[in-house]
Amino acid sequence: MIKTTTFTNLENVNLSKEISLVAPMDTPFTTLLLGGNHVDSTTSKITTWREKSLDNTADISQVEGSETTVFQNSARAEKNNVCEIFKKAVSVSGTASASGITGISDLFAEEINDRLIEMKVNIEKNLINGVRNDGSLTPFVRRTDGILSFALAEQSIPNATAGALAEADVKNTVRELWSAGMATGQYIGMVNADLKERIDYIYDAKYQYVAQESLFGLIVSTIQTNYGTVKLVLNRHMPVDKLVVFDPNYLKVSYLRAPSFETLAKTGDSMQGQVITELTLKCLNQKSISVLTFA
């Protein structure tokens, strides 16, 4: 819980730990990255990194005693993304602070905690669906690319039969990662409710299970394929027609400014403050993302 005892007029309170813990059910993607320590820092509003690709020379066999005249190297393409500023503010009057509210011991701290949750939800939406904007044109708001924007065109596929979803569609989505050379075989699949129901229906009549006496129904949470294992995560902020499968080891949240609380100057009979962060999403290998679009 955020407490006003930690606030001073000249201090910024780091909320990196708090934001990783709040609203995990409503922000599974952000919680996964922050909770798994897929985090680093940056020093510029345009964050740049290198994406490594191994040399794919097909024939490296040599004759006995040959001289070494040909050398190989890894390709390191330069990638970048834009840092986006997220901010929520609170102003509580002196009267409201002094008034007793049942179940709330500190109104200002409670309001700050709620704004932190709201900010994390907004971050979640943008880390999934964001489309980059460098902020050079009006209204001059910088926006980060989300995970869907990093998916390569050749790994963004429609399901084979329009209006129907088959087990092969899910397998082919995972196979794209295997074909691209992803080595871990352990993936996360994020999906919205309607498409998740269709995936559950695929397996409903194909497999038997022993149910508890008070538990009914079938919920598919993990799918094992020849090409890797996918843990399905329901996410209300995903587009209703898409399943994105990715390897979280290749994704990072990069902070220009870590989440923090800042007390604003008191100019009247109210207490004011804001929660703010500036961050972007890094994709260290775009081949680690595959998208199925339900047509």
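Modeller: Leu165 sits in the loop between strand 6 and helix 6 (167-179). Helices (H or I, at least four residues) and strands (E, at least two) are DSSP runs, numbered from the N terminus. This is a predicted model, in which local features need pLDDT of at least 70 and side-chain atom pairs count only at pLDDT 80 or more, while totals for chains, interfaces and linings use all residues. Residues are numbered from 1 along each chain as its sequence is written, and side-chain values use heavy atoms, with hydrogens and water left out.

Is Leu165 buried or exposed? Leu165 is buried, at a relative accessible area of 15%. Buried means under 20% relative accessible area, exposed over 50%, and partly exposed in between (1.4 Å probe, protein chains only).

What does Leu165 touch? Setting aside residues up to four places away in sequence, its contacts are Asn159, Leu195, Arg198, Ile199, Ile202, Leu292 and Phe294. Contact means heavy atoms within 4.5 Å. Take Leu195: 30 residues separate Leu165 from Leu195 in sequence, and their C-alpha atoms are 8.9 Å apart in space.

Lys196 and Asp200 form a salt bridge, with the closest N and O atoms 2.8 Å apart. A salt bridge is a side-chain nitrogen of Lys or Arg within 4 Å of a carboxyl oxygen of Asp or Glu.

Strand 10 (residues 242-246) and strand 13 (residues 289-293) pair antiparallel over five bridges. Two strands pair if DSSP finds at least two bridges between them. The sheet is open, with six strands in the order 6-13-10-7-9-8 and mixed pairing. Strand 6 (156-158) and strand 8 (222-225) stand at its edges; each has a single partner strand, so one side of each lacks a neighbour in the sheet. Neighbouring strands are turned by 20° against each other on average, direction ignored. For that angle, axes are lines fitted to C-alpha atoms, for helices over the stretch in contact, and angles run from 0 to 180 degrees between N-to-C directions.

Strand 9 (residues 228-234) has five of its seven residues buried, so the rest of the structure largely encloses it. With strand 7 (residues 186-191), strand 9 pairs in the parallel sense over six bridges. Met190 stands opposite Val233 there. With strand 8, strand 9 runs antiparallel, joined by four bridges. Ile223 has Val230 as its bridge partner in strand 9. A hairpin of two residues connects strand 8 to strand 9.

Now the cores. A nonpolar core is a set of buried Ala, Val, Leu, Ile, Met, Phe, Trp, Tyr and Cys residues joined through side-chain atoms within 4.5 Å. The largest has 39 residues, and Phe29, Ile147, Met190, Val244, Phe246, Leu251 and Ile289 have the most contacts inside it. Helix 4 (residues 107-129) gives the most to this core, with eight residues. Apart from this core lies another, of 21 residues, among them Val174, Leu195, Tyr227 and Leu243.

Phe29 belongs to helix 2 (residues 28-35), where six of eight residues are buried: Pro28, Phe29, Thr30, Thr31, Leu33 and Leu34. Beyond its neighbours within four places in sequence, Phe29 contacts Glu124, Leu127, Ile128, Ile147, Met190, Asn235, Phe246 and Leu251. Just after helix 2, Asn37 has a positive phi of about 60°.

How many salt bridges does the structure hold? There are ten. Glu118 and Lys88 meet in one of them (3.2 Å, N to O). This pair links distant parts of the chain, with Glu118 in helix 4 and Lys88 in strand 5 (residues 84-93), 30 residues apart. Glu118 is partly exposed, at a relative accessible area of 30%, and Lys88 is partly exposed at 31%. Arg115 also bridges to Glu118, with closest N and O atoms 2.6 Å apart. Arg115 and Glu118 are three residues apart in helix 4, about one turn. Arg115 is buried, at 14%. Lys88, Glu111, Arg115 and Glu118 are linked in a salt-bridge network.
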